[in-house]
Amino acid sequence: VAALEAGGVDYVTKPIKPKEVLARMNVHMQGARERRQARNALDAFGYASITVRASDGRLMWQTALARDLLAQYYGATLPPGPQAPQPVVDWLRRHLKEAEAQIEPPRLTVELGARRLTFRLHQQTGDDDWLIVMREVSDAAIIESMSLAFKLTAKEAEVLYWVVKGKINRDIADIVGSSPATVKKHLERVFAKLGVETRTAAAGMAMNRIRQLHPQFEG
């Protein structure tokens, strides 16, 4: 009983019967293969998944894609051992009552440059375990579209993208790894190519074109 409560899934008694042991092992191996196939299928469609224990934030399992994405977005801030990132644990705990009432809570979104990772609370898989599905979206295609539509360089298009997002020059400089003065020069060339004089006009013009090409874009 203690072993099962600790997470064990099966047991054999002495005297051991080799055929029975092998049969039980085969059943568990088949189950493991099916679970691995399911995880690989989720990854193949871009839906990385993790299961988190709400009480202590323990990462009960994760797909390969989920492991890579967590490392990319949280990096050095990841807690040691099999633990979920603290912001994810905090988000999960904040919305447990909604989830238990089968009301889908607001999604958690983390940005990394023009990429963003969204966490969706999918379902409860145990007394305190929750399946979370992650989906990454990149706006690289949108930046490329702006570059082609307005005849901008890649860097000018990236600067314009962050203007549309409402960022000031200092913030844009930090994001693109440049200086505010360089960002200002890029922006001046963007104004000239678009035939506008203000950030607001440039952002409005870019937003209209983006919505034509990418209706799903959220500014």
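Guide: A helix here is a DSSP run of H or I that is at least four residues long, a strand is a run of E at least two long, and both are numbered from the N terminus. In this predicted model, the protein chain has 10 helices and 5 strands by that count. Of its 219 residues, 34% are buried, and its exposed surface comes to about 13,400 Å², with carbon and sulfur atoms supplying 54% of that area. Among contacts between residues at least 6 apart in sequence, 47% join residues at least 24 apart.

The part to look at is helix H7, residues 154-164. H7 is mostly covered, since 8 of its 11 residues are buried, namely Glu156, Ala157, Val159, Leu160, Tyr161, Trp162, Val163 and Val164. After H7 comes Gly166, which has a positive phi, near 85°.

Of these covering elements, H6 can be described in some detail. The axes of H6 (residues 140-150) and H7 come within 8 Å and cross at roughly 115°, and the crossing of H6 past H7 is right-handed. On the H6 side, the residues that make this contact are Ile142, Ile143, Met146, Ser147 and Phe150, while H7 brings Ala154, Ala157, Glu158, Leu160 and Tyr161. Sorted by class, the contact has 8 nonpolar residues, 1 polar and 1 charged. As background to such a pattern, an α-helix has 3.6 residues a turn, so residues three or four places apart point the same way.

His186 has a relative accessibility of 12%, and because the cut-off for buried is under 20%, His186 counts as buried. Setting aside residues up to four places away in sequence, His186 touches Lys155, Glu156 and Val159, and both Glu156 and Val159 are among the buried residues of H7. The side chain of His186 is also joined to that of Arg189 by a polar contact of 3.0 Å.

A polar contact of 2.6 Å links the side chains of His95 and Glu98, and beyond the neighbours within four places in sequence, His95 is in contact with Pro105 and Pro106.

Arg53, in strand E1 (residues 47-53), gives a contrast in accessibility: at 25%, Arg53 counts as partly exposed. Apart from its neighbours within four places in sequence, Arg53 is in contact with Arg58, Met60, Asp128 and Asp129. The C-alpha atoms of Arg53 and Ala84 are separated by 8.9 Å, although the two residues are 31 residues apart along the chain.

Note on methods
Residues are numbered from 1 along each chain as its sequence is written. This is a predicted model: local features need pLDDT of at least 70, side-chain atom pairs count only at pLDDT 80 or more; totals for chains, interfaces and linings use all residues. Side-chain values use heavy atoms; hydrogens and water are left out. Axes are lines fitted to C-alpha atoms, for helices over the stretch in contact, and angles run from 0 to 180 degrees between N-to-C directions. A crossing is left-handed if the near helix is turned anticlockwise from the far one by less than a right angle, and right-handed if clockwise. Contact means heavy atoms within 4.5 Å. Ala, Val, Leu, Ile, Met, Phe, Trp, Tyr, Cys and Pro count as nonpolar, Asp, Glu, Lys and Arg as charged, and the others, Gly among them, as polar. Buried means under 20% relative accessible area, exposed over 50%, partly exposed in between (1.4 Å probe, protein chains only). Accessible areas come from the Shrake-Rupley method with a 1.4 Å probe; for residues, only the protein chains shown count as cover. A polar contact is a pair of N or O atoms within 3.5 Å; within protein, one must be able to donate a hydrogen and the other to accept it, and residues adjacent in sequence count only if both atoms are side-chain atoms.
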